Every structure is written in structure tokens, then in C-alpha cells.
Amino acid sequence: MKVLVTARLPEAVVGKIREAGHEVDMHLHMAPLERDQLLNRMEGVAGLLSTITDRIDGEVFDRAPGLRVVANYGVGFDHIDVAEATRRGILVTNTPGVLTDATADLTFALILAVARRVVEGDHRTRSGKFQFWAPLHFLGTEVSGKTLGIVGLGRIGRAVARRARGFDMQVLYTARKPLGRDEEERLGVRFAPLDQLLARSDFVSLHVPLTPETHHLIGARELSLMKPFAYLINTARGPVVDETALLEALRQRRIGGAGLDVYENEPQLTPGLADLQNVVLLPHVGSATVETRTRMAQMAVENLLAGLSGHRPPHGLNWEAVQGKRGKG
Ligand code: 8YV
């Protein structure tokens, strides 16, 4: 069967698709496939291994009537129309778990970077501006012992909570379904409704998927509830935050700063954001370690091969629904 891999992945992993007897068409350039290129390359495709930079919707499915599986290289799948895939009997899979630690680590990298002005300090030192030491020079905010608000306590949110313990932080969280008391105690976290969490936290870190309910979850009103010296950290999805409102809050110093790995209109930034001192901006690298990206590729390929051979994949998002459809079809 024909498999389209829309981004360059390690040869050792892609080799597994060939070993299984499939023909692989892999996009080899670093820059993502343009929409037209993606549509043109869909002809005859039965398996699609794709990334966040591809919008996978009905128009894509129309080009490949024999498409059986879309294996997403990543845990978040807001760029894939899963309902439409299900309607057409196309299996969609993702790669949960393997990127949890890398993303939680990066969350802490951002917390520390914004609070201790790591990037600003690096620039200052490189540019020869470190000319003396003084007691009141280059002060930041202490992280240890502060309150961290985790919005969304899924796999990554929990991993962030575990790391926060090492910094003796108090951890508040919001979740669709609060945990039981025992589990809260085990994790060292306490439930707070979003408004309270925002008002009480020194660092607010977002770990919710992007859905219609979480779109602009953090807007002008929510930012106005935050403490004037609190920091917002986003390693989840850009559109969870109203970036224009965030820019305004940062400009007016209504919050202390922000550490962002994701943006509302990625890879574009809201004009003005990059001019601010009180932000650290990363290019969506939450899962970007050699170890994690290799595991993601392996898991995506396992999912893809299972789907192509009609077996239950390790991480299918719509396996049961698709089985039901195929059964009827
Ligand atoms: C990936 C991510 O970089 O898994 C996710 O949801 O955002 C990142 O880990 C991206 O999805 C690659 O497709």
C-alpha cells in the first residue's frame, strides 16, 4: 500500500514501513508541505503519517478514497478533523505518553527562564554588558516555594506537578473532573476553579488540548485576574490564549511576563510580542529531544502499520467507531 509521510523522519523508523511491504513517499525538506503539495500527493494513499503542520480534513480525504489510517506524529490532534475521518471509516491515531516528560521539562525551563531572566541575562553577558556585580543588579523572581496553577491535569499537567514538588511549590489545578482527595494528596495538588487559580498563582501553566471549549480560555478577563507579578506559561496550544489580549497585558505590565512555546497563528507571532523584554519565546519545541522525537516516530509507525493491517493500534482515537462503521459498510 502507499504511505505518505509528510515530514522527514529517521530512516531507521521509516524503514519499518518499507519492511512491512509498503511503498513510502516521504517529504524530505525541512519546510512543511504546502497545502497544494499535500493534496497532490494524496492520490492512491492508504496510510498518512502526518504532523501538526498539515491540516487534515475532508478535502484531503477526498483526494484519497482508499485512505485507511492517519497516524499523527504528536499527541495533540486539533489539526485533524477526526469526526469527518470517523464518518468515512478512516482510523486516526496519536502518540500519547512518550512526550510527557520532555514537555514537562520544557515547561520548567520556561518557568525558570522567565522568572530568573535567563535569556535576557545570556544576551546581556554575550554583548559585553556584564561589567560589574551588584546586590540589586538583575533581580528576578524566586520560583521555589511559590504557587503554581496548572490548567488541565492530564499526563503532562501531572508531570509538571511532580516536578513542582522538587521546587517546594504549592500546586493548584483545574480539570474537567477534579481528582479524589487521595489522589490529590498523592500528587500534592489542590483543586481550584479557574478564576481562583488565576488569582492565587504566581505561575499559571496551560496543559489543556485545543478544543472549541478551550479556545481563548485565557483572554483579557482571565489575565486581569492574575497577580500583577505572575507569569503565564503555554506549552499546550497557542489559540488557548487570546494572544492580542496577552500582548496588551504584557505591554501594560498587568502581569509579570510569559513563557511561550506555542502561538495563536503559528509560526507567526502577534506583532509586538517579540519586542517585549518580559517574554521568553520558543519555536514549539516541547517534544523536541532526540529521545522523544525518536519514540514519537516509532509509535506513529506502529500505529500506522497496525491500522493498515486492520489491527487495533496501540493508540487509536476512533478505533471502536471505525470498526462499527466498517462492520456496517
Ligand atoms: C509536536 C505537539 O511537536 O504532540 C504534540 O501535540 O505539539 C508536539 O509534541 C507536534 O505535534 C508534531 O506534530
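Two strands pair if DSSP finds at least two bridges between them, and strands here are DSSP runs of E of at least two residues, while helices are runs of H or I of at least four residues, both numbered from the N terminus. The model shown is predicted: local features need pLDDT of at least 70, side-chain atom pairs count only at pLDDT 80 or more, and totals for chains, interfaces and linings use all residues. Residues are numbered from 1 along each chain as its sequence is written.

**View 1. Seven strands make an open sheet with parallel pairing.**
Reading across the sheet, the order is β8-β7-β6-β9-β10-β11-β12. β8 (189-191) and β12 (279-281) are the edge strands with a single partner strand each, so one side of each has no neighbour in the sheet. On average, neighbouring strands here are turned by 20 degrees against each other, direction ignored; axes are lines fitted to C-alpha atoms, for helices over the stretch in contact, and angles run from 0 to 180 degrees between N-to-C directions. At one end of the order, β7 (residues 170-174) pairs with β8 in the parallel sense over three bridges, and here tyrosine 173 stands opposite phenylalanine 191 in β8. Look also for helix α5 (residues 100-115), which lies across β9 (203-206), β10 (231-234), β11 (257-260) and β12 and runs at about 150 degrees to β11; contact means that the C-beta atoms of two residues, placed from the backbone, lie within 7 Å.

**View 2**
Phenylalanine 138 is not a glycine, yet its phi is positive, at about 60 degrees. For context, most residues other than glycine have a negative phi, and most peptide bonds are trans.

**View 2. An open sheet of five strands has the order β2-β1-β3-β4-β5.**
The pairing in this sheet is parallel. At its edges stand β2 (23-26) and β5 (91-93), and each has a single partner strand, so one side of each is left without a neighbour in the sheet. Neighbouring strands are turned by 15 degrees against each other on average, direction ignored. β3 (residues 45-50) and β4 (residues 69-72) pair in the parallel sense over four bridges, with serine 50 opposite asparagine 72 in β4. Helix α12 (residues 290-308) packs on the sheet, touching β1, β3, β4 and β5, and its direction makes about 170 degrees with that of β4.

**View 3. β1 and β2 pair in the parallel sense.**
Four bridges link the two strands, and leucine 4 stands opposite aspartate 25 in β2. From β1 the chain passes through α1 to β2 in a right-handed β-α-β crossover: with the strands pointing away from the viewer, the path from the first strand over the helix to the second runs clockwise. Helix α1 (residues 11-19) lies across β1 (2-5) and β2, at about 145 degrees to β2.
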